[in-house]
Amino acid sequence: MTKYAAAIDQGTTSTRCMIFDHSGQVICFDQREHEQIYPRPGWVEHNPDEIWERTQGVVRGALQKGGLSASDLVAVGITNQRETTVVWNRKTGRAVYNAIVWQDTRTDQICNELARDGGQDRFREKVGLPLATYFSGPKVRWILDNVDGARAAAEAGDLAFGNIDTFLVWWLTGGPDGGVHVTDVTNASRTMLMNLQTLDWDDEILSIMGIPRGMLPKIVPSSQVYGEARGELAGVPVAGILGDQQAAMVGQTCYSPGEAKNTYGTGSFMLLNTGTKIVPSKSGLLTTLCYKFGDEQAVYALEGSIAITGALVQWLRDNLGMITTSAEVEALANLVEDNGGIYFVPAFSGLFAPYWRSDARGAIVGLTRYVNKGHIARAVLEATAYQTREVLDAMEQDSGVKLTALKVDGGMVYNNTLMQFQADILGVPVIRPKVAETTALGAAYAAGLATGFWKNTDEMRANWGVDHTWEPKMDAARREELYKGWKKAVTRTFDWVE
């Protein structure tokens, strides 16, 4: 009887369940969107109950579509939007507040207060991260400070914290009835609370942030059996957890130092495997965990995080109504030869790598009467490629490794115009694999590795194949001229928020 590995991929805008065979091919999947809640400018929330309900729905849907049952699965892995923070009651499973999403900027003041003593890099040596609204630690602090009774309940041991991975594993394995409270090293490394060397919570930082240790999940490897699922997946081992970008690294089989990938989703995230070495960044990148398989040594990565890429196309669709589906942006951009001299810097929630400026806000610069909506669409796509180039430059500076090609995945890799421009502006080939759903595949790999479905990373590497390669066609002088314009445009977004 053929067996399969499942992955639950809980993303920023939707949740899906994908089921893979041994060769890494998608057998079936189901996907559902959830509501984006914007209570105030800069605030972004999700309803954790809705996310759990969608998760159960897509598991059911995927099994039905594939004509499968739980007994056909060897394991299930979880991958998730990282840094999105949930605090819930252990007895009831009810969240004390909506999930605060990674893009949310409400913790600005908390971060500024923490930075008064020691600056933005106060904790960087221990955690690999700058003080920024992006990470979970300050979000937990905000909930404890602003939700009635939350701090007292946390100190009494009644509340649990986790990124979405932790919340889902807890519910999958029984919730209030014996649910397992864990997070893997990749998700823990995004809280600003985990020491990169010890792979444990850092008591000094917890005490400075005012977060009771008892709320925190146990930190575990990314590939290990944590418990058995109940409900729709009854009896299936829950055996893999990876933050979405690290899952894409595993799915792209970037298992050797120097291998890199870029995922184009709501935001974009480029990671470079640095092996078992912790490489501190001097160029505005994050030092993070790449993965930890079972008892093997932890593998680290450098990461460049870009807040807004795919989300900019959604904004064009939902806020301006210039397109009715995200896919239409390519045809609109192709109505014109170039960007008409404009640049669109999408600093909607500040700028992430390599700037870390929460005072920045979005801008379209270089506007003239000549510019039409085709130019705006092209500038929207180009913004993603320019931001990726900035991150790549920082990576080469920090690591001393010259990238020879970039593996890409995520929804935007089917936009040929963008991918060609990406190759042009980087000056290296851009490679899309046959299975572009590498985030879900990485979570399935982690779970299948823990249960022996895949014996080792070589078996997983053998599944990877090239679907399409874009070679750079732009001459170097033109490339540098365009990039110089972008760098100038970025400076125009600084210091907007007083």
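Tutor: Gladly; we will take the labels one at a time and set each value against its definition.

Tutor: First, this is a predicted model, where local features need pLDDT of at least 70, side-chain atom pairs count only at pLDDT 80 or more, and totals for chains, interfaces and linings use all residues. Residues are numbered from 1 along each chain as its sequence is written, and side-chain values use heavy atoms, with hydrogens and water left out.

Student: What makes β1 and β2 a pair?

Tutor: Two strands pair if DSSP finds at least two bridges between them. Strand β1 (residues 4–10) and strand β2 (residues 14–20) have six bridges, in the antiparallel sense. Within this pair, I8 stands opposite C17 in β2. Helices (H or I, at least four residues) and strands (E, at least two) are DSSP runs, numbered from the N terminus.

Student: In what order do the six strands of the open sheet come?

Tutor: The order is β3-β2-β1-β5-β14-β13, and the pairing is mixed. At the edges stand β3 (26–33) and β13 (223–228); each has a single partner strand, so one side of each is left without a neighbour in the sheet.

Student: Which strands does helix α1 lie across?

Tutor: Helix α1 (residues 48–66) lies across β1, β2, β3 and β5 (73–80), and runs at about 150 degrees to β3. Such angles run from 0 to 180 degrees between N-to-C directions, with axes fitted to C-alpha atoms, for helices over the stretch in contact. Helix α9 (residues 244–251) also packs on the sheet, touching β5 and β14 (237–243).

Student: Why is the pair of W170 and W171 called edge-to-face?

Tutor: Rings of Phe, Tyr and Trp (its six-membered ring) pair if their centres lie within 6.5 Å; planes under 30 degrees apart count as stacked, over 60 as edge-to-face and the rest as tilted. The centres of W170 and W171 are 5.3 Å apart and the planes stand at 80 degrees, so the pair is edge-to-face.

Student: How do you know whether W170 and W171 are buried or exposed?

Tutor: Buried means under 20% relative accessible area, exposed over 50%, partly exposed in between (1.4 Å probe, protein chains only). W170 has 4%, so it is buried, and W171, at 16%, also counts as buried. Y343 is buried with 12%, as is Y386 with 1%.

Student: What about S189: buried or exposed?

Tutor: S189 has 2% relative accessibility, so it counts as buried. S189 lies in the loop between α7 (185–188) and β10 (194–195). Contact means heavy atoms within 4.5 Å, and S189 touches residues including V127, L129 and Q246, not counting residues up to four places away in sequence.

Student: How do you know that the charged end of R106 sits over the ring of W43?

Tutor: A charge sits over a ring if NZ of Lys or CZ of Arg is within 6 Å of the ring centre and within 35 degrees of the ring normal. The charged end of R106 is 3.8 Å from the centre of the W43 ring and sits over it. The charged end of R389 likewise sits over the ring of Y483, 3.9 Å from its centre.
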